[in-house]
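Dear colleague,

Please find the structure below, handed over for your review.

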Amino acid sequence: MKRRVPLTIVFIVSLFMVIQYFVPLDSWAWMYQYLIDWTIIIGVFALLLGIWSLLRVNYEKIQRKSENWQYSIVTLLGLFIMIIVGFVPGWGNLENYTYQHLFYYVLVPIQATMFSLLAFFIASAAFRAFRARSALASLLLFSGLIIMIRFVPMGPLSEPISEIATWILQVPNLAAKRAIIIGIGLGAAATALKIMLGIERAYLGRD
Amino acid sequence: MRYKCIIAAAVLFVGLILPQALFAQEDAEVPDSLLAEVQLEPPPQPVVTEGVDRPNDNGHKLTVKWKYPEEGVDLIEGFEVYRSMSPDGEFQLRGQSPADYFEYFDIGGVDKSDPDYMANDEDYYYKIVAIGKNGVSSESEIGGPFQTSGQVFHTGKIPVLIGVVIFAFFTVYFISSAKKGKELYVRPLAGIEAVDEAVGRATEMGKPILYILGIGTAADIATIASFTILGRVAKKVAEYQTDLIVPCYEPIVMSIAQDVVRSAYLEAGRPDQYNDDMVFFVTNAQFAYVAGVNGIMVRERPATNFYLGYFAAESLILAETGNSIGAIQIAGTDQITQIPFFVVACDYTLIGEELYAASAYLGRDPLLLGSLKAEDWAKGILMVVFLIGVLTVAFGWDGIRELVRVNL
Amino acid sequence: MNIFEKMVALDRRWVFLFLFVVVSFAYFFRNSFSVDVVTTKEVESIYDFIEGAEPGDKILMSFDYDPSSLAELHPMSRAIMLHCFRQGVQVIAVTLSQYGAGMVEEVLRDVSAEAAELYGREVSYGTDYCFIGYRPYPAFVILGMGENFRVFFPRDYYDTLLDDLPIMHRVRNYDDVKGVLSITSGTTSDMWIIYGNARYNMPLALGVTGVMATDYYPYLGNALFGLIGGWKGAAEYEQLVDQPHDANRGMPAQVAAHLTIVLFIIIGNIGYLMSGRKKPKIGV
Amino acid sequence: MAARNIAGYVVLALIVIAFAISVVLKGLLLTVGAFLTLFIFSFLYKDNPYYKFAEHLFVGVSAAYWMCMGFWGTMVPNLFGKLYPPMVGGVLPALKDNPAEFHMVIPLILGIMLLMRLSSKAGWISKWALAFIVGTTAGLNLVRYLRSDFIQQINNTALSLYVTGATGFDLGATVSNIVIFIGVMCGLIYFFFSKEHKGAFGVGARTGIIVLMVTFGASFGYTVMARISLLVGRMQFLFGDWLGMIR
């Protein structure tokens, strides 16, 4: 019972999803839309599980006074303030001033800055890894360098470099990506099929 | 008498000469007004020819077509399309069409509550009105009845159906032959061979192992493959009694990962060592998650980092931070744009399909391995098709594209 | 530890610091020196395409991005539109991005005003450009526009009948425009290729973000006649139309950063080769 | 140790002073954004209390942000609003008069099932909800991947290995097409799992990985541009919007 019901649900629902792709009728389209809507709603319920886990982990850190426990207070404060601001009865929606400003002046700058750290990390990764250690590494180094140098005005050399760069992007790039995409397509389809048939079931745990 | 002569002359002048003078002045207008009178005739009549249901859809749409004489095109502004549910009912304007375009695609509402609703399998009548440039228009005879209907099967998708059937057949065939105990060879994957070593190293150093499932949902194939690998890693970790940290981006992924790890500990005979705090939720904002995981890395200093699953731009931030703390890093994703960053910054990278294969490989489950064989067969077939494609093109036939065209 | 070993083992924070200093320097003084951008064929071919158009020709521009990619994609949108208005080419704008409509409206208004000022003529809605709006499900919209623009857009963004706009007069589908340019930050570029070009075979070019660009190079020459990738592509176009702006101003920082990284790679390799140290090969 | 502590306090004091000055000159909001930006950048040097602060704040606030978005953006209009429209009349008057859609009970039940996992006894029932989600997307994925990543690719196979252009035989294009053909074939060979990479097959796989490496290098090199743009954007914020040094 504990195993069979979930596997049956998986089979029926997934089979429906496969068949509906080929059936353009209204009733099937509606059913499809319902299923998608439902999964989104279940996903929101799941957020509660997430928040619960977050609360628990941080609460325990504070209680046990484990290393850096003070910062867990910051997390919980941020969480509560944002929730209160977002849920205060009567404010009723997310257009309210405080909520929007917390978003624009706390979330957005941190997010953008985290993202921009990539500029530094891409440089350090290139410095460390682009070395002629082996034949393969040298190829990586060579094509990476060609593409980067393309940026720099180099007088008469610019033209041929730009040609080689474009060729790499057009030819080997196409071949490699196509091979990877085909592999991914097959692997993903096979995994999906295994899930449908109940062969791949690690996601259900073992109890 | 003289009097009369003057009056007569005046009358003559007014009656004969003045009009002439006036006409001379308005020379440009004369032919125009004359023409207008001629042109007040209505433009030619359109003739409704057919109403075609659009194939491979859910109905509610119809293409009305009509004929129109070529000489009429220049005389009209365009057409108006009217529709009714009975030939003598009230006709409603549906839309316009340019003068040189003789069909109209009538899209009705799908929902019964929609005022624009157009029912399937019911009669509709159309009337086309040609609007003349002179303001006079002419109506066609009523055309119809036409019907629109939904189709049960989308014929444009036949290649996909064939693909699904063939692929499912291969998979089931090889899985069942694997079940019968046929030995299947699977080539070694460096990244997966390294798992044991990586866990062992962490144990020796007394440091934890960090396992990142990426920022996909529980439904992403990459995440599901990663669950299987996580199960394997967790079992090893339990056997070696090392610490495991699994920070999660998505609550459902977290729930499943908890089950997977708990099961692995159970299997390793150490259920008591598992607790839910090993697998926890951080946040489901991409860069907040990265910030949190970065913090964990620099503070907990894991000996081994696994990045297996769906990754976006954060891949390099994680892998570089992981590198800076000297961890062994094993990565794998099916996101093509992120693979280069993992290849550059990690010790081992599973490229695309290798990630899915790894889950089968680690499991050593004949059922899972059987499907790898099926994938290889599909690849083989594809290579043959490529070859045929190249050969046929060399001989001047380009039909292979048409055979596999999917029409939405 | 000799000098070469030091070069190999250089703390990555030196790389960070150097990069930060160089980029801020280049950015601070971006107006003091200009970089001569080397133009590439894939951008030139879009330029030539519009340059070769007759006044009165129309192109369809699909702005498939939203405000989050505005900074990266706006410069190319602007440069292309300015070029169109300079040539008297009429622009039919559409967006397939859910949050794009408001932004496109603003972009069109700003650029048309700028063009009017630059070229000293009136650039007006309905004759020089129009905006037909947004519809969901991009694949279907692209297919539908191949039949007739009016299938999904009977009226423009401002609720005017398409037939009432002089620019749309006798414009039915892709056959009646000279080409399609999609400026995109998402997956609509694939759909333009699969459902637009493969099905209707109209000339198609893309403007994409820097991260996406490598995915579309393979289509150059078959599905695409041109491709503009990120700031570099935009800077090239700005230079071609002789209207250097945001993208060109960003170029000194870009060139400096690229040079810095190349320099560090060279240092690393010299150190590596001279010190003769063997490290584990990169893993695959 | 004492010296380090003192240094730490001096830094803290300086930051507080700078913060105060900035609040006076530029307003609170911009100052908060700017300081959080600097805190995150400080991670590049090393982990420190300021980064920890920004990081933990970010985690808490973002988790709550998505929670609120999920509630107001999905639950209210799509669940409550459809189950019992009058309930959300206060916030979404447009929905008030819609008829109730009772099928929405299903996700409600599945959602509650999912939450049951917090209980140790009834936890197993949460798997029904998981099965529903996984099943839905597994079916979708099967067709989607086969169509776009497999069948679509056959569409692009019919290459000519002998290209003639306007001026006769086109050597460049011919070479390119041959490289593409061999590259795709060898790439596929690399992804064969059930055959040992030995002999001719091994040569093919080796060639495949060479093509992959060239591509990875190129993708990496090309991405540098996009990442530098991000940094320039942050500089614009710090030096332009905040400090007003550049325009």
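**Salt bridges in the predicted model**

At 54% relative accessibility, Lys41(C) is exposed (buried means under 20% relative accessible area, exposed over 50%, partly exposed in between; 1.4 Å probe, protein chains only). Its partner is Glu163(A), with which the side chain of Lys41(C) forms a salt bridge at 2.5 Å, N to O (a side-chain nitrogen of Lys or Arg within 4 Å of a carboxyl oxygen of Asp or Glu). The pair joins two chains, because Lys41(C) belongs to helix α3 (residues 41–51) of chain C and Glu163(A) to helix α6 (residues 158–170) of chain A; helices (H or I, at least four residues) and strands (E, at least two) are DSSP runs, numbered from the N terminus. Glu163(A) is partly exposed, at 38%.

This is a predicted model, in which local features need pLDDT of at least 70 and side-chain atom pairs count only at pLDDT 80 or more, while totals for chains, interfaces and linings use all residues; side-chain values use heavy atoms, without hydrogens and water. Residues are numbered from 1 along each chain as its sequence is written, and chains are lettered from A and ligands numbered from 1 in the order in which they are written.

In chain B, the closest N and O atoms of Asp106(B) and Arg94(B) are 2.8 Å apart in a salt bridge. Asp106(B) is buried at 0%, and Arg94(B) is buried at 18%.

A network of salt bridges links Asp259(B), Arg262(B), Asp276(B), Arg117(D) and Lys127(D). Over all chains, the count comes to 29 salt bridges.
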